[in-house]
Structures are given as structure tokens and as C-alpha cells.
Amino acid sequence: MASGYSLLEEELSCPVCTEIFRDPVLLSCSHSFCKACLQQYWEQKESRECPVCRRRSSKDSPPLNLSLRNTCEAFLKERSQRAKAGSEVRCSLHNEKLKLFCLEDQTPVCLVCQTSIKHENHKLRPVQEAAEEYKEKLRTALAPLQKKLKAFNAVKLSCDQTAEHIKSQAQHTERQIKMEFEKLQQFLKGEEAARLTAVREEEQEKSEKMKVKIKKMTCEISALSKQIKAIEQELRAEDVSFLQSYKDTQNKAQCTLADPKKVSGALIDVAKHLGNLKYRVWETMLGTVQYSEYWGPHCHYRGNV
């Protein structure tokens with residue numbers, strides 16, 4: 001026959017999970033269930049019906065059964081206290097409380113064990129006294145471990161700080177590198193612009209000179225062409241007419257223009273602009289760069305471009 005305690009536990013158990021109610025809710029049919037159990041049941045059935053009597057519930061969220069919840073909490077508290085009271089270690093031979101500690105066997109014993117042959121002439125101490133003595137020994141043994149742990153924590157803290165400093169150094173160094181290369185890029189862009197300007201200026205200067213030369217040559221060619229046509233026309237005249245104008249024609253045939261000279265030095269001096277270009281740019285850059293050095297692991301980069 002079941003005890004009253006077992007019957008109470010049965011009354012306080014959820015019909016779904018058979019465990020003591022957790023957050024019990026009350027349906028209109030007066031049956032109670034764990035809130036989570038009921039929701040899970042409804043989701044599986046896809047219907048809001050009572051798991052016991054199958055009566056449909058009109059509410060999505062049934063009210064909490066506060067009275068039952070309080071009763072369950074009190075029951076669980078009492079059961080926990082009972083478990084603690086029944087968990088006291090007793091002598092496996094005599095079912096007595098272990099009040100003594102055998103120094104030879106290093107084990108707790110009861111008062112009956114004290115008089116047994118097994119512990120005859122053994123040194124015994126009260127459990128509380130022995131526990132304090134051994135706790136003190138353990139505390140003494142624990143001290144070096146705690147000291148070592150403190151040392152490890154200190155080193156770890158230092159490592160954490162060093163790691164942060166490494167990250168900070170890397171970020172700072174990256175910024176400095178970018179700045180230095182930006183300066184180099186600006187310098188190279190300036191050099192490029194200056195050298196392109198020099199090429200364009202030489203092009204403009206020599207193009208202007210060539211235009212003047214071409215214009216002059218065009219005029220001289222035009223004059224010679226007219227002179228030649230006039231003489232050719234006289235050569236086609238009748239003999240008498242030709243002889244009458246021969247003297248003037250002969251004078252016209254005299255060329256007073258100097259022989260044309262080949263153009264020299266008119267082209268762009270490509271060698272001047274491209275010859276050893278990289279070296280000359282590097283040499284110019286070298287004059288603007290200052291020597292720099294690294295001071296140490298905790299110092300910053302020094303130098304300007």
C-alpha cells in the first residue's frame with residue numbers, strides 16, 4: 001500500500017510528463033498541466049484539447065494555478081531537506097555516525113569501530129579536529145599553487161598588454177608607411193609633371209621654329225617656281241621675239257637665293273629626357289630623403305621624406 005508521501009507526490013505530478021508540476025496552468029475542465037507540457041501537446045495535436053478529458057479549451061493561454069504552484073514548491077523544498085538529512089554518511093559496518101578519524105588507516109570510523117580489533121592500538125582523533133588539521137595541511141600545500149597562479153596571471157596580463165601594444169604598433173607603423181609612400185608618390189608625380197612640361201615646352205619651341213622655316217621655304221619655292229615658268233615661257237617664243245627679250249630673260253635666270261640647308265637640331269632631344277631617367281629621378285629623390293633609424297621596440301619610426 002502506498003504511503004501518504006507517495007500519494008501526495010502522485011497528486012502533484014503532471015499527467016503529461018509525470019514530474020512535479022512546473023508553472024502549472026488550469027484549464028476550464030479543472031485539469032492542471034505544466035505550461036510547457038500543455039503547449040507542446042497542443043502543438044503536436046494541432047488542437048487546444050485537454051490531454052485527460054479531451055475537452056476543448058477556449059483560451060490560448062490558460063491562467064496559472066498559483067495555489068498548486070506554491071504547493072509544489074513547498075513539496076520540492078521538503079523533499080530536498082529530507083534528502084540532505086538522509087544523506088549523512090554512516091559506518092557501513094555498524095550504521096553509526098562517523099565521529100572519529102583513524103590516523104593509521106586514514107579513514108573515518110564510528111565509536112564501535114574504536115573498540116574493534118581492526119583499530120586496536122590505533123591513534124584516533126575527533127573528526128572535526130582531524131579535519132581541521134588536514135585542512136591546514138592542505139591550505140599550506142595550496143599556498144604555492146596560489147602563488148604560482150598569481151604569477152601566471154601576472155605574466156598573462158603582461159602578455160595581453162604586449163599583444164595590445166603589438167596591435168597598436170602595427171597600426172601606427174602601417175599609417176606611417178602609407179604616409180611615407182604618399183610623400184614618395186607626390187614627389188614622383190611632381191617629377192613626372194615637371195619632365196612632361198619640359199618635353200612639351202621643347203616641342204612648342206621647336207615646332208614654332210619649324211613653322212617659321214617652313215613658311216620661309218614656301219615663299220622661296222613659290223618665287224622660284226614663278227621665275228622658272230617665266231623662263232620656260234620665253235623658251236617657247238619665236239626666235240626673233242626670244243632674241244629681243246633674251247637679255248632680260250638672262251637676267252631673270254640669275255638665282256640670288258642661297259642653297260637650302262638641311263634642318264639640324266630640329267627634333268626633340270629624346271636622349272635628354274629619357275636617358276638614365278630612373279637614375280636621375282632617384283638621384284633627385286636621394287637629395288630630399290633624410291636618413292632614419294629605428295630606436296627600439298617601444299619607440300616610433302623617425303624620418304621624413
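Student: Where does UniProt place the feature "coiled-coil region"?

Tutor: UniProt, in an unreviewed entry, places that feature at residues 200–234. Positions from UniProt are given in the numbering used here, feature names are shortened, and annotations may be inferred rather than shown by experiment. Residues are numbered from 1 along each chain as its sequence is written. This is a predicted model, in which local features need pLDDT of at least 70, side-chain atom pairs count only at pLDDT 80 or more, and totals for chains, interfaces and linings use all residues, while side-chain values use heavy atoms, with hydrogens and water left out.

Student: What are the helix and strand contents over residues 200–234?

Tutor: Helices (H or I, at least four residues) and strands (E, at least two) are DSSP runs, numbered from the N terminus. Residues 200–234 are 100% helix and 0% strand, with 51 Å between the end C-alpha atoms. Over residues 14–54 the chain is 27% helix and 15% strand, and the end C-alpha atoms lie 16 Å apart.

Student: How many helices and strands does the chain have?

Tutor: There are nine helices and five strands. Read from the N terminus, the order is α-β-β-α-α-β-β-α-β-α-α-α-α-α.

Student: What radius of gyration does the chain have, and what would a compact globule have?

Tutor: The radius of gyration is taken over C-alpha atoms, and the globule rule is 2.2 Å times the number of residues to the power 0.38. For 305 residues, a compact globule would have a value near 19 Å, whereas this chain has 58 Å. The C-alpha trace spans about 175 × 70 × 30 Å along its principal axes.

Student: What percentage of the residues count as buried?

Tutor: Buried means under 20% relative accessible area, exposed over 50%, and partly exposed in between (1.4 Å probe, protein chains only). Of the 305 residues in the chain, 16% count as buried.

Student: Is Glu49 buried or exposed?

Tutor: Glu49 counts as buried because its relative accessibility is 17%. This residue lies in the loop between helix 2 (35–45) and helix 3 (66–86). Contact means heavy atoms within 4.5 Å. Beyond its neighbours within four places in sequence, Glu49 touches Tyr41, Trp42, Arg54, Arg55 and Arg56.

Student: Which residues are in contact with Pro62, leaving aside its neighbours within four places in sequence?

Tutor: They are Val25, Leu26, Leu27, Leu38 and Trp42. Pro62 is found in the loop between helix 2 and helix 3, and its relative accessibility of 11% is why Pro62 counts as buried. Although Pro62 and Leu38 are 24 residues apart along the chain, their C-alpha atoms are separated by 9.6 Å.

Student: Where is Thr18 found, and what is its phi?

Tutor: Thr18 is found in the loop between helix 1 (4–11) and strand 1 (24–26). Its phi is near 60°, a positive value in a residue other than glycine. Thr18 counts as exposed because its relative accessibility is 56%.

Student: What is the phi of Ser30, and is Ser30 buried or exposed?

Tutor: Ser30 also has a positive phi, near 80°, in a residue other than glycine. Ser30 lies in the loop between strand 1 and strand 2 (32–34). With a relative accessible area of 58%, Ser30 is exposed.
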